[in-house]
Amino acid sequence: MNITAEILDQAYTGGRKTDLRELLPQLGFWMTGKHACLVSQGLTMFPAGASPELVNVQGETILASHCTHLPQDRVLRYLELETATVNTQNQSGEAISLVVCALRLGLVARILDLSFNHLKDRKSFGQKTTRHQLVKASFSDIYGDVSLLKQQLHYRLDSGDLSTPDEEHRQITQLSNHAEKLMGGHGFLLGNSHTISHFSMLLYSLFGKSSSQEQQQAHSAV
């Protein structure tokens with residue numbers, strides 16, 4: 001399935017607003033036209049509690065019986081998600097990584113939205129926390145960087161450059177780390193900013209890398 005500017009925009013909006021569990025079959029739809037969870041480089045992630053519908057990047061159905069479930073961490077248990085290795089021929093594609101970049105940018109924006117809602121009614125040093133110059137600057141800087149990276153992804157697409165966007169992923173990880181700190185210690189409560197940042201890193205580990213060396217790193221990261 002050809003990646004379009006519309007798909008990149010949908011991925012960004014999905015990362016910002018869509019339920020995290022629903023993003024996984026949605027990612028499959030963006031890449032293959034099928035509402036099924038993607039298998040890439042022998043790895044997958046899917047909602048827990050049901051036999052998942054799986055496809056590779058070519059849109060071919062992968063039997064759930066080929067999966068070997070991996071241990072859940074506390075965040076995966078909270079999100080009701082599972083990861084698995086898949087005994088099938090490795091399939092990867094740079095276009096996935098570009099879409100995952102857009103999705104992860106949306107997740108950074110989600111963290112900022114969540115953090116703002118958390119802080120907007122709080123006060124410190126006699127005024128609303130969100131009115132402090134440092135806090136305002138942090139929100140502004142991160143939102144600005146998200147916007148620039150989003151434009152950069154569209155430029156890549158327009159120029160036909162679908163190579164793995166390693167530098168963009170690195171910058172998104174940094175932005176996510178900065179954004180999740182805005183909630184302070186509250187961000188580490190399940191469902192808050194750290195949960196979203198953790199999910200973003202899982203997406204990168206599973207679908208954001210393309211070489212065989214990166215695949216080994218993804219297995220160890222999961």
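Predicted model: local features only at pLDDT ≥ 70, side-chain atom pairs only at ≥ 80, totals over all residues.

Mentor: Residues are numbered from 1 along each chain as its sequence is written, and side-chain values use heavy atoms, with hydrogens and water left out.

Trainee: How many of the 15 residues of helix 7 are buried?

Mentor: Helices are DSSP runs of H or I with at least four residues, strands runs of E with at least two, numbered from the N terminus. Buried means under 20% relative accessible area, exposed over 50%, partly exposed in between (1.4 Å probe, protein chains only). Helix 7 spans residues 193–207, and its buried residues include Ile196, Phe199 and Leu203. The helix is largely enclosed by the rest of the structure because the buried count is twelve.

Trainee: Is glutamine 41 buried or exposed?

Mentor: Glutamine 41 sits in the loop between strand 1 (37–40) and strand 2 (43–47). Its phi is positive, near 55 degrees. Most residues other than glycine have a negative phi. With a relative accessible area of 3%, glutamine 41 is buried.

Trainee: What is the relative accessible area of glutamate 80?

Mentor: Glutamate 80 lies in the loop between helix 3 (74–79) and strand 6 (81–86). Its phi is also positive, near 60 degrees. Glutamate 80 is partly exposed, at 45%.

Trainee: Where is lysine 123 placed?

Mentor: Lysine 123 is exposed, with a relative accessible area of 67%. Its place is in strand 7 (residues 123–124).

Technical notes
Expected span 1.5 Å × (residues − 1).
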